[in-house]
Each structure stands twice: as structure tokens, then as C-alpha cells.
Amino acid sequence: AVVSTQSTGEEIRGCLDFLQAVYTVLGFTYELKLSTRPEKYMGEIEVWEDAESRLKQALDEFGAPWELNPGDGAFYGPKIDITVHDALRRSHQCATIQLDFQLPIRFQLSYNAPDGTEKRPVIVHRAVLGSIERLTGILTEHFAGKWPFWLSPRQVMVVPVMPMFNDYANELQRKLHLQGIAIDTDLDDGSTLNKKVRNAQLAQYNFIFVVGEKEQTSGTVNVRTRDNVVHGEFTYEDISEKLSRLRDSKSNLDTLE
């Protein structure tokens, strides 16, 4: 973002609010550090001191604890470094919020201030997720491969107890797929029911729907989880509503409420 010097604090607070919203959903805790002017830097000391003061004020107003990291800023401006902690309390550097005074000079950027004078803007570099590939790896370890329902690429597996119920399994798959659920069917007639369920659990499907004559007759599904927790029988309408609500809640707990 390209902002005026006076708007720097407001822009930084918006970045911090965005960061908190994202990391709260992902289930990360994090630490904030303000990295200040290094030994080798570009620009005037007065500009650096003003920028660092604005960052300190933005961090104080944000309300979360933060630490000072003297001399670790970028050569072109101070920055806020964000370190996230996964489920094993390991630290990962992902996000950063940086102020850049040099690019506006090099690109000869300016704007007309309310008093009619020409001012030099500041560029705010914001990276909330960092590298997507690296974040995906961190999340995979954070969830130990057991993706929460809203993030999971394998949400539901439908397992018919016998080949004669394959059509019912396919019907369920078609209807829930239209609702945006990542759902598959295991129609391997050569596998036993227990093997199908076990394969789905090992593949980390969040839920396994077992269907047979009773379920087909009553329009229901029998639900269990990848951790072998049996939830019992639900009507299609009921389980459809629960799955949609669970997905939209972005909860990291696979609870059917």
C-alpha cells in the first residue's frame, strides 16, 4: 500500500487486525517484534525515528504484547516481524509488515497534501501468509495431517455395505457435491466393509458415511469419524445442514452440532 506519512499508523493497525483474523482462524498463536534501524541504513535518522514511533504507537493500540528487536530492521525501513507457533510450540517466521522510504524516492512518487504542498508517500509491504508453499507445510505439521473439515480436501467418504447400495451412495455423493462438500465414494466390491472404513480413516477423511438397506430405505446415513468416533444415524437433510454449518464456521474441531 502507498500511504501518506500521517496515515502510516492507521494502515499498520489495519494490517495487524487482518493478521489477527487470519491467524485466529488457522489456530496459530504468534509473537510480535518491532525491528528497528540497522547499522547500515538508507535515509535520514529523523524519518526513521518518526516511523519507529508510529509503529510503536500502532502496536500499543493493537493491544497484543510485543518486543523490541533493535537493529534488525531492513535497510530501507523499520518492520514488524511476526513469529507463529504451531501445535508443538515450534516457531516459524511467516508474516511481516515493513515500511519502505526508498522505493517512493526511486520511483519519484509524490502526492498533494491538504495544505497544497507536495509530499513523499511511504510504501507499506505486508505479507500475512508468507510463502504459500511454506505455510502449507507448517499447517500440515500443525494439524498432524488431520485437516479440519473446512480446509480438508477429503471431507467425506461414502461406504456402501454391499454393491446393491452403490446407487444410493452415488446419489448421496452427487447431492452433497453440489453443496460444495468434498465427497467421494468407495465402490470397490472386492474390499470388505471394515477395510473400506479403515482405508478412509487412513486417508484422513473427516467423516465416513456407511450406508446399507436401512439407510437407503429411510434416507439416512450412519456417520463415523476418522478417529473411529461413531455419531450414529442422521437424515440426509440433517447431516447436510450440519456439514454446511461446520464448513462455514471454519472451526478447527470436527464437531457435529
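Biologist: In which strand is valine 221 found?
Modeller: Happy to start there, with the caveat that this is a predicted model, where local features need pLDDT of at least 70, side-chain atom pairs count only at pLDDT 80 or more, and totals for chains, interfaces and linings use all residues. Residues are numbered from 1 along each chain as its sequence is written, and side-chain values use heavy atoms, with hydrogens and water left out. Helices (H or I, at least four residues) and strands (E, at least two) are DSSP runs, numbered from the N terminus. On that basis, valine 221 is found in strand S12.

Biologist: Is valine 221 buried or exposed?
Modeller: Buried means under 20% relative accessible area, exposed over 50% and partly exposed in between, with a 1.4 Å probe and protein chains only. The relative accessible area of valine 221 is 1%, so this residue counts as buried.

Biologist: Which residues does valine 221 touch, not counting those up to four places away in sequence?
Modeller: A contact means heavy atoms within 4.5 Å. By that test, valine 221 touches Leu172, Phe209, Val210, Val211, Glu215, Gly232, Glu233, Phe234 and Ile239.

Biologist: Which second, separate core includes Val221, and how many residues has it?
Modeller: A nonpolar core is a set of buried Ala, Val, Leu, Ile, Met, Phe, Trp, Tyr and Cys residues joined through side-chain atoms within 4.5 Å. The largest such core has 35 residues, and Ile12, Tyr23, Ile80 and Ile82 have the most contacts inside it. Helices H1, H2 and H4 are among the elements that each supply at least two residues of it. Val221 is instead in the second, separate core, together with Phe149, Ile183 and Val211 among others, and that core has 20 residues.

Biologist: Which residues is isoleucine 12 in contact with, beyond its neighbours within four places in sequence?
Modeller: Ile12 is one of the residues with the most contacts inside the largest nonpolar core. Leaving those sequence neighbours aside, isoleucine 12 is in contact with Leu55, Ala58, Ile80, Ile97, Leu99 and Val124.

Biologist: How far apart in space are valine 221 and alanine 127?
Modeller: Along the sequence, these two are 94 residues apart. Taken C-alpha to C-alpha, valine 221 and alanine 127 are separated by 43 Å.

Biologist: Why is the chain called more spread out than a compact globule, and what is its radius of gyration?
Modeller: The chain has 8 helices and 13 strands. The radius of gyration is taken over C-alpha atoms, and the globule rule is 2.2 Å times the number of residues to the power 0.38. That rule gives 18 Å for 257 residues, so the chain is more spread out than a compact globule, being well over this with a radius of gyration of 26 Å.

Biologist: What box do the C-alpha atoms of the chain fill?
Modeller: Buried residues make up 42% of the 257 residues in the chain. Taken along the principal axes, the C-alpha atoms fill a box of roughly 80 × 40 × 30 Å.

Biologist: What is phi of alanine 144?
Modeller: Most residues other than glycine have a negative phi. Alanine 144, in the loop between H4 and strand S9 (156-160), is exposed, with a relative accessible area of 63%. Its phi is a positive value in a residue other than glycine, near 55°.

Biologist: And what is the positive phi of asparagine 228?
Modeller: Asparagine 228 is placed in the loop between strand S12 (220-225) and strand S13 (230-235). At 47% relative accessibility, asparagine 228 counts as partly exposed. Although it is not a glycine, asparagine 228 has a positive phi of about 65°.
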